[in-house]
Amino acid sequence: MTPAEIHSMATGHIPSYVTQADGSDFLLTFMFVFTVLVIVLIGVGYFTLHSIPEKIAHESNHPQFQLVGILALLALFTHNGLFWVAAILVAGFQFPDVAAPLRAIADAIRSLGNQGNDVPAPATPSQPTAQQEQ
């Protein structure tokens, strides 16, 4: 194009975000890649956030590890923050084991009851085998 053919009000340059004559659109391509990356990063952050209770319970070898995992999955699928808060609370605190002292007491009482019985238990008769019958 010669300078005489260019309109007098036309600018001397075209901004980079304007579509080129060959059909390539740099801004559209950039925004597509940017949007996909942002969506992937938000998803990774979301899943990482929901796995925090399980990581806490796994590192401390928590006895209710499966309960924490179930609560975290419920929070993930239902989008209910109460389940996630419950999972964090269960993972963060160790509940006292009340069954172990009761088992120890029961075992001690059972062993006291067996001390007076020094009589051996009667033997049960054995079943004769095929070789003994012949």
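Alanine 87 touches Pro53, Val68, Leu71 and Ala72, leaving aside residues up to four places away in sequence; contact means heavy atoms within 4.5 Å. The model is predicted: local features need pLDDT of at least 70, side-chain atom pairs count only at pLDDT 80 or more, and totals for chains, interfaces and linings use all residues. Residues are numbered from 1 along each chain as its sequence is written, and side-chain values use heavy atoms, with hydrogens and water left out.

Ala87 also belongs to the largest nonpolar core, whose six residues are Ala57, Val68, Leu71, Ala87, Val90 and Ala91. Such a core is a set of buried Ala, Val, Leu, Ile, Met, Phe, Trp, Tyr and Cys residues joined through side-chain atoms within 4.5 Å. H4 gives the largest share of this core, three residues.

Helices are DSSP runs (H or I, at least four residues), numbered from the N terminus. The two helices are listed below.

| Helix | Residues |
|---|---|
| H3 | residues 65-78 |
| H4 | residues 81-92 |

The axes of H3 and H4 come within 8 Å and cross at roughly 160°. Axes are lines fitted to C-alpha atoms, for helices over the stretch in contact, and angles run from 0 to 180 degrees between N-to-C directions. H3 and H4 are therefore roughly antiparallel to each other (angles over 145 degrees).

Alanine 86 is found in helix H4. Alanine 86 counts as partly exposed because its relative accessibility is 27%; buried means under 20% relative accessible area, exposed over 50%, and partly exposed in between (1.4 Å probe, protein chains only).

Methods. Angles under 35 degrees count as roughly parallel, over 145 as roughly antiparallel, 65 to 115 as roughly perpendicular and the rest as oblique.
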